[in-house]
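Me: I am new to reading protein models. Can we go through one together, in short questions and answers?

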Amino acid sequence: MLRPFLSLFSGAAAGQAIVFAAAPILTRIYSPDEFGVLGIFSSYLAILTLVACLRFELAIPLPKSNRDAWQVLALCMLLVAALSVLLAVLVFVAGDRLLPIIGAESIGPYAWLFPVALFFSAGYQAASQLALRYREYGTLASTRIMQASLGAFTQISAGLVGLSILGLLIGQTISVGSGSLRLARVLSRKAPDLAKELKPHAILAVAKRYASFAWFGSPAALLNGLALHLPTILIGSLYDPITAGQFFLAQRVLNLPLLLFSSAVSQSYMGEASELLRSGVAGINKLFWKLAMLLAALALLGSLCVYYLSPILFGIVFGEAWSTSGVFASLLACYLGFRFVTTSLAPTLIIFERQDLSLIVQILSALAVIVSFGLAWHQDLPAVDTVLLYSLSMTVPYIFGLYFIYRTVATHALRQ
């Protein structure tokens with residue numbers, strides 16, 4: 001895994017370094033309430049991106065035939081296009097009535113951007129899986145840098161010329177769009193003959209073959225997205241956009257190193273473990289245990305650093321107006337440590353097609369959000385106590401997730 005990991009990690013590291021370098025500038029151009037609007041927009045975008053392909057994109061690295069992999073990609077893009085068009089119609093026809101119901105009234109003037117951002121974001125998600133199949137790790141790394149660079153440049157430039165919230169949202173849309181177009185150009189040259197052989201009956205056949213990804217993976221992804229991104233929306237509803245902006249910045253900054261490592265690890269692990277499984281070579285068990293021990297050590301070290309340093313560093317780096325974000329970040333440290341290990345190893349359940357176990361974990365995550373924020377609303381808790389309760393509640397599902405992953409690998413090892 002070392003070579004693909006280093007390739008993906010270097011691209012992700014460069015991209016996240018750009019995002020982190022831009023953050024202190026953005027927090028001095030935009031106010032916490034403007035970041036709150038970005039947080040709500042990004043949260044809904046992330047949730048729908050996860051389910052736009054009904055999780056069929058996760059099946060792209062698995063077929064033995066490249067032709068079948070392209071059929072799965074075509075299925076994904078059809079689903080993405082259909083959902084994007086449907087959302088565009090809903091925004092145009094009933095946006096003014098629907099947005100207040102889902103707590104997204106603040107993005108009303110900019111809702112027209114949402115279907116565009118969703119199409120590119122979900123399209124990138126599907127195309128990246130095909131890139132993993134072809135081991136185009138360098139291409140994936142370059143798209144991460146492109147996304148971060150164009151997104152940060154657009155948001156900073158738009159803020160300086162006074163575009164306010166619109167500048168943040170356009171930057172977000174350009175960021176995901178640039179990565180999608182880059183992957184499309186590379187992959188279209190990879191297998192032009194296969195791309196021309198896409199047939200409706202073949203697409204339907206792969207949809208039936210990997211139907212479990214939709215039946216189990218799609219609800220699991222939706223629940224996962226809700227558990228991870230709904231808190232920003234709920235905090236905005238329980239308190240105010242300023243508090244939502246503080247929480248969103250804490251999550252965004254902490255997600256930089258988490259996504260930096262976990263996405264590179266999980267993608268390289270998915271690519272190499274899938275190859276081992278397709279070729280019938282033993283070794284997944286050994287690969288899993290070496291990786292798990294390394295991830296546990298990194299998670300412990302990272303959680304301790306976040307807990308003790310965040311309250312001090314946030315005010316210094318982002319300005320005194322964002323000191324509350326540092327407190328929120330320290331409270332999320334334990335939960336993010338478990339999440340880092342579990343999400344990095346999560347491809348294990350995909351490789352062995354145990355989406356049912358993943359669904360159980362995400363049901364527990366959704367219950368954790370409901371219980372924590374329900375108690376916060378009922379007891380009228382302050383925002384700091386609500387974030388702590390959310391963090392502790394979310395730790396439990398990821399512990400269960402680690403157990404399920406361990407049992408899956410142990411069962412496979414016994415069968416060999």
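This is a predicted model: local features need pLDDT of at least 70, side-chain atom pairs count only at pLDDT 80 or more; totals for chains, interfaces and linings use all residues.

Me: How far does helix H4 reach from its first C-alpha to its last?

Reply: Helices (H or I, at least four residues) are DSSP runs, numbered from the N terminus. H4 covers residues 113-133, which is 21 residues. The expected span is 1.5 Å times one less than the number of residues.

Me: Why is H4 described as largely enclosed by the rest of the structure?

Reply: Buried means under 20% relative accessible area, exposed over 50%, and partly exposed in between (1.4 Å probe, protein chains only). H4 is largely enclosed because the buried residues number 18 of the 21.

Me: Which residue just after H4 takes a positive phi?

Reply: Look just past the end of H4.

Me: How are H9 and H15 oriented to each other, roughly parallel or roughly antiparallel?

Reply: Axes are lines fitted to C-alpha atoms, for helices over the stretch in contact, and angles run from 0 to 180 degrees between N-to-C directions. Helix H9 (residues 211-238) and helix H15 (residues 355-379) pack at about 20°, with axes 8 Å apart. Angles under 35 degrees count as roughly parallel, over 145 as roughly antiparallel, 65 to 115 as roughly perpendicular and the rest as oblique. H9 and H15 are therefore roughly parallel.

Me: How are H5 and H6 oriented, roughly parallel or roughly antiparallel?

Reply: Helix H5 spans residues 137-160 and helix H6 spans residues 165-190. Their axes come within 8 Å and cross at roughly 155°. H5 and H6 are therefore roughly antiparallel.

Me: Why is the ring pair of Phe 247 and Phe 328 edge-to-face?

Reply: Rings of Phe, Tyr and Trp (its six-membered ring) pair if their centres lie within 6.5 Å; planes under 30 degrees apart count as stacked, over 60 as edge-to-face and the rest as tilted. The centres of Phe 247 and Phe 328 are 6.2 Å apart. The pair is edge-to-face because the planes lie at 65°.

Me: How many residues apart are Phe 247 and Phe 328?

Reply: Phe 247 sits in helix H10 (residues 241-279) and Phe 328 in helix H12 (residues 323-331). Both are buried. The pair links distant parts of the chain, and the separation is 81 residues.

Me: Is Tyr 308 buried or exposed?

Reply: Tyr 308 forms an edge-to-face pair with Tyr 307, 5.0 Å centre to centre and with 90° between the planes. Tyr 307 counts as partly exposed, at 45% relative accessibility. Tyr 308 has 55%, so it counts as exposed.

Me: How many residues of H13 are buried?

Reply: Helix H13 (residues 333-345) has 13 residues and reaches 19 Å, close to the expected 18 Å. Among its buried residues are Tyr 335, Gly 337 and Phe 340. H13 is largely enclosed by the rest of the structure, because the buried count is 10 of the 13.

Terms used. Residues are numbered from 1 along each chain as its sequence is written. Side-chain values use heavy atoms; hydrogens and water are left out. Helices (H or I, at least four residues) and strands (E, at least two) are DSSP runs, numbered from the N terminus.
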